[in-house]
Amino acid sequence: MLTDVQSTSIEVFPGFGLFFLMLGVLLFFDHGLLAIGNILFIAGLACIVGLANAFAFFFQPTPHKIKGSVCFFSGILMILWVSSIVGMLLETVGLYFLFSGFLPVIIGFMRRLPGINLLFSVPVFGKSPANNLFTRDTFINGSFWID
């Protein structure tokens, strides 16, 4: 069961965080809006799962989580001080590494959705060697195509 703080943070923080991130991208990578979106994203994650669990998520001692955390937080710093576009690219790479273990679950769920499952009948996503493209180890090892 969710507490009041968790239910409020599920509704407010991710919604406003995505709003500010999208508005920052639409307004040609505005530094301030992207920074507000990042702060709300991290605050929402900390409120939803708890501060200790959020800290444990970002700082797990596995190589891909370390890469993800370093890329994500350096992307935030790049947005604040250097370049918004480079910072967003670093954040995207960091989020991929952080959530790459969950990506096969998302793909499996999407294969069961009516309408979207038609997308997975395309050979790139369907029954081809590229099906392994969505596994975390494929990107970590650097091989993007399996013979």
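Tutor: Let us start with a term: a residue is buried at under 20% relative accessible area, exposed at over 50% and partly exposed in between, judged with a 1.4 Å probe and protein chains only. This is a predicted model, in which local features need pLDDT of at least 70 and side-chain atom pairs count only at pLDDT 80 or more, while totals for chains, interfaces and linings use all residues. Residues are numbered from 1 along each chain as its sequence is written, and side-chain values use heavy atoms, with hydrogens and water left out.

Student: Okay, so is Ser84 buried or exposed?

Tutor: Ser84 counts as buried, because its relative accessibility is 4%. Ser84 belongs to helix 5, which covers residues 84-99; helices here are DSSP runs of H or I with at least four residues, strands are E runs of at least two, and both are numbered from the N terminus.

Student: And what is Ser84 in contact with?

Tutor: Taking contact as heavy atoms within 4.5 Å, and leaving aside neighbours within four places in sequence, Ser84 is in contact with Phe29, Asp30, His31, Leu34, Met78 and Ile79.

Student: Stepping back, how many helices and strands are there?

Tutor: The protein has 7 helices and 0 strands, so its order from the N terminus reads α-α-α-α-α-α-α. Of its 147 residues, 28% are buried.

Student: Which residues make up the largest nonpolar core?

Tutor: That core has 6 residues, namely Leu45, Phe57, Phe58, Phe72, Ile76 and Leu98. A nonpolar core means a set of buried Ala, Val, Leu, Ile, Met, Phe, Trp, Tyr and Cys residues joined through side-chain atoms within 4.5 Å. Helix 3 (51-58) and helix 4 (63-81) are the elements that give two or more residues to this core.

Student: What does Phe72 touch, then?

Tutor: Beyond its neighbours within four places in sequence, Phe72 is in contact with Phe41, Ile42, Phe58, Leu90, Glu91, Gly94, Leu95 and Leu98.

Student: Which residues of helix 4 are buried?

Tutor: In helix 4, the buried residues are His64, Lys65, Gly68, Ser69, Cys71, Phe72, Gly75, Ile76 and Ile79. They lie on the same side of helix 4 because they cover an arc of only 165° around the axis, where the arc is that of the directions from the helix axis to the C-beta atoms. The face turned away from that buried side carries the exposed residues Pro63, Val70 and Trp81.

Student: Changing topic, how many aromatic pairs are there?

Tutor: The count comes to 10 aromatic pairs. Rings of Phe, Tyr and Trp (its six-membered ring) pair if their centres lie within 6.5 Å, and planes under 30 degrees apart count as stacked, over 60 as edge-to-face and the rest as tilted.

Student: Why is the pair of Phe57 and Phe58 called edge-to-face?

Tutor: The ring centres of Phe57 and Phe58 are 5.4 Å apart and their planes stand at 70°, so the pair is edge-to-face. Phe57 is buried with a relative accessible area of 18%, and Phe58 is buried too, with 5%. Both belong to one aromatic cluster, formed by Phe41, Phe55, Phe57, Phe58, Phe59, Phe72, Phe73 and Phe99.

Student: Last one: where does Gly37 lie?

Tutor: Gly37 lies in helix 2, residues 31-49, and counts as buried at 0% relative accessibility. Leaving aside neighbours within four places in sequence, Gly37 is in contact with Gly17, Phe20 and Leu21.
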